[in-house]
Amino acid sequence: MPDTMSPSPDTSPRPRASRARAPSRAPAHAPARTRRHGARAVGLALAGGGPLGAIWEIGALCALEEALVGVDFTRMDGYVGISAGGFIASGLANGMTPRQMCTAFIENEGGDDDLIHPSIFVHPAWGEYAGRLKRLPGLVAQSALRFALGQASGVEVVERLGRVLPTGVFSNAPIEAHLRQVFSAPGRTDDFRELPRRLVLVATDLDTGAVAPFGMPGWDDVPISRAVTASAALPGLYPPVRIGDRHYVDGALKKTLHARALLDEEIGLLLCLNPLVPFDATYAPTHSVRLGTDPIPRLVEGGLPLVASQSFRSLIHSRLELGMKGYGLSHPHVDIALFEPDHRDPEMFGANTFSYSARRQLAEHAYQSTRKTLRTRRRALHAMFEPHAIGIDDAVLDDPSRRLVTYAPRLAPAWHDVAPDRLGGALRRLGGVLDELESSLAHA
């Protein structure tokens, strides 16, 4: 049964390949799917969340990797990734450890071999702009003629001219090219069929809204790099990715987690990571949320950015909750553990989803908060993990000196984490300063 801080999964039918796509056959040299000896299969599902989601997932995975005995995140029995989670899942399936990803992406000590590099995400989609602009003269002439003849209203003319607007601001070609280079390194592969374990990267068919489970039989002849790019093609930011005669966009448009792709594969334990949760302002004061350096007394005072963020997070999380309930009913024999940020954490809510500048602080924050979650849920998780030959290293988990990155300016602690004795000590020190100031003024 699922063990969650906030439940999550989906209940829609298992996705099938399009009729136009014939099932692919694995090459003769493809390694056999492996499973840990003497243990039930364990899978990993990673949701999306933009750069912030990738940062949080790397920090959380590093904490889990240290504390869980018997888990190797590069040798899971199956992976499923959506959007940002697809980057991480494809890296893990190719043997890149969470610590390696942290060193390269978070601490910026990698090179061209980095799985994620900020520069690949912000190339303008010049080709998309040019292609759309070519259509402008013809559309203007047709629209003007139809309007003059009374065949179209002003609103219809505006809608028709909307066809020249680009489908994405940034190009995803550099993303695919970079990933293709990363997965071409020795010991890695850009071919789903050559992986020793299942990897599923989920996108959404733009024309039908159907799920596209790249990596499943019939969907595994697509390069991993292209599947990751399609899964992360958020409409408005990146153009749809053409694969064959179809166009695909972000997999999160359909579902939040897509865990069923692994649950139907005889998985006994599924570890799920979801980086985006709605902020619960009933437990934490909203003035702890900031836009830049300005505190926000209420979420509505943050204007469109905070209202849109809360609305988006609430929408995707409600689907996650429904999905988790559905998984519990459809797969009662599978243990599911969901890890996600504290809903009362203003730091995760206030962070810019598409910002890289504070990745050290946010990764450290994710690492420490996940360790805290493990300590809080230790007894329940121990009971869940034990049948799967997984233990919890108490010495590692209870070591207060552990850090993720070599340097990370401490984020302001959430209000509920400030201990009374620390607050009392601060007040006593403040009182001492005031006493000294009063004495100095008296003798002035």
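This report describes salt bridges, a helix contact, a surface patch and some backbone features of the structure above.

The model is predicted: local features need pLDDT of at least 70, side-chain atom pairs count only at pLDDT 80 or more, and totals for chains, interfaces and linings use all residues. Residues are numbered from 1 along each chain as its sequence is written, and side-chain values use heavy atoms, with hydrogens and water left out.

**Salt bridges**

The structure holds eleven salt bridges, a salt bridge being a side-chain nitrogen of Lys or Arg within 4 Å of a carboxyl oxygen of Asp or Glu.

| Pair | N to O distance |
|---|---|
| Glu176 and Arg226 | 2.5 Å |
| Arg378 and Asp394 | 2.9 Å |

Glu176 belongs to helix α7 (residues 173-183) and Arg226 to helix α8 (residues 224-231), 50 residues apart; helices (H or I, at least four residues) and strands (E, at least two) are DSSP runs, numbered from the N terminus. Glu176 is buried at 14% relative accessibility, whereas Arg226 is partly exposed at 23%. Here buried means under 20% relative accessible area, exposed over 50%, and partly exposed in between (1.4 Å probe, protein chains only).

A network of salt bridges links Glu66, Arg99, Asp399 and Arg402.

**Helix contact**

The axes of helix α1 (residues 50-67) and helix α2 (residues 84-93) come within 8 Å and cross at roughly 40 degrees. Such axes are lines fitted to C-alpha atoms, for helices over the stretch in contact, with angles from 0 to 180 degrees between N-to-C directions. The contact (heavy atoms within 4.5 Å) involves Gly50, Ala54, Glu57, Ile58 and Leu61 of α1 and Ala84, Gly85, Ile88 and Leu92 of α2.

**Backbone features**

Most residues other than glycine have a negative phi. His258, which is not a glycine, has a positive phi of about 55 degrees. This residue is found in the loop between β8 (246-250) and α9 and is buried, with a relative accessible area of 4%. Ala389 likewise has a positive phi, near 60 degrees. Ala389 sits in the loop between α13 (378-385) and β13 (391-392) and is partly exposed, with a relative accessible area of 48%.
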